[in-house]
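Subject: Structure handover

Hello,

Here is the structure I said I would pass on. My notes on it follow below.

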Amino acid sequence: MPSISAPSSKKATTLSVAVKCRPLTEKERCRNIIRVHNDKEILVLDPDLSKDYLERIQHRTKQRTYAFDYAFGPSSLNSDVYKRSVCSTIAGVVQGLNATVFAYGSTGSGKTYTMVGTKDDPGLMVLSLNTIFDLIKDNTSDKFEVTCSYLEVYNEVIYDLLEKSSGHLELREDPEQGIVVAGLRAIKVNTLFDLRN
Ligand SMILES: Nc1ncnc2c1ncn2[C@@H]1O[C@H](COP(=O)(O)OP(=O)(O)OP(=O)(O)O)[C@@H](O)[C@H]1O
């Protein structure tokens, strides 16, 4: 079966990609074509159920395995995602490293749920802020300034989700940091979260 994965020679990377398959809605149950194979791979079944056994074994099928740095199934909590794929990145922020965590996906794919979450299943932004403030509390020698913004890039237009009446934001050039978004320190691609010290 064909599979797509990062080259095995690539041992260290500054970019990790995680996939999270949210629980299916009632309407979607008839198109249940995603299987989380293991903690790194998902299988997308051929949605054309009319294909017979012969076609499938002769690879005349659209069934594909996709590999990621992390794969999470419908029963995974946001805290599982956070612990495995984000937590170590956040710790570096308090030591002066820049880090970006963003959610990308189509409408209704679960980006807001993953980033914001609920009271019972807090999202990555909430868990990150908890970690940041815990680390700051433990650090008695440095002074910190924490800023937070929450942006969405939708159809290539940027919106400030903390100030909905602000309309869309413009990109501007910052001579020191390259492109930044409207002077804010966070970006979001239909939910993108950027942490800078
Ligand atoms: N892990 C999950 N467990 C339970 N429900 C979930 C989960 N992830 C997403 N959902 C539900 O799926 C629906 C769509 O999710 P969400 O609103 O987060 O999507 P979105 O990608 O932010 O959509 P949009 O781009 O349209 O804002 C919501 O009803 C949400 O509660």
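Of the contacts in the chain with a separation of 6 or more, 59% are between residues 24 or more positions apart. Please keep in mind that this is a predicted model. The chain has 197 residues, and 16% of them are buried. Its secondary structure consists of four helices and 13 strands.

The helix pair

I looked at helix 2, which covers residues 78-94, and helix 4, which covers residues 124-138. Their axes come within 9 Å and cross at roughly 40°. An angle between 35 and 65 degrees counts as oblique, so helix 2 is oblique to helix 4. The crossing of these two helices is right-handed. On the helix 2 side, the contact is made by N78, S79, V81, Y82, V86, C87, I90, A91, V93 and V94. Helix 4 contributes L124, L127, S128, T131, I132, L135 and I136. By class, the residues of this contact are 13 nonpolar and four polar, with no charged residue.

The ligand

The ligand is surrounded by eleven residues. The closest are R22, G110, K111, T112 and Y113. Sorted by class, the shell holds seven polar, two nonpolar and two charged residues.

Loop residues

N155 is not a glycine, yet its phi is positive, at about 50°. E156, also a residue other than glycine, has a positive phi near 65°.

T14 sits in another loop, the one between strand 1 (3-4) and strand 2 (18-20). T14 is exposed because it has 6 other C-beta atoms within 10 Å, where 12 or fewer is the limit. How far apart are the C-alpha atoms of T14 and D121? They are separated by 27 Å, and the two residues are 107 residues apart along the chain.

That is what I have on this structure so far.

Regards

Conventions. Residues are numbered from 1 along each chain as its sequence is written. This is a predicted model: local features need pLDDT of at least 70, side-chain atom pairs count only at pLDDT 80 or more; totals for chains, interfaces and linings use all residues. A residue is near a molecule or strand if its C-beta atom, placed from the backbone, lies within 6 Å of it. Ala, Val, Leu, Ile, Met, Phe, Trp, Tyr, Cys and Pro count as nonpolar, Asp, Glu, Lys and Arg as charged, and the others, Gly among them, as polar. Axes are lines fitted to C-alpha atoms, for helices over the stretch in contact, and angles run from 0 to 180 degrees between N-to-C directions. Angles under 35 degrees count as roughly parallel, over 145 as roughly antiparallel, 65 to 115 as roughly perpendicular and the rest as oblique. A crossing is left-handed if the near helix is turned anticlockwise from the far one by less than a right angle, and right-handed if clockwise. Two residues are in contact if their C-beta atoms, placed from the backbone, lie within 7 Å. A residue is buried if 20 or more other C-beta atoms lie within 10 Å of its own, exposed if 12 or fewer, and partly exposed in between; C-beta atoms are placed from the backbone.
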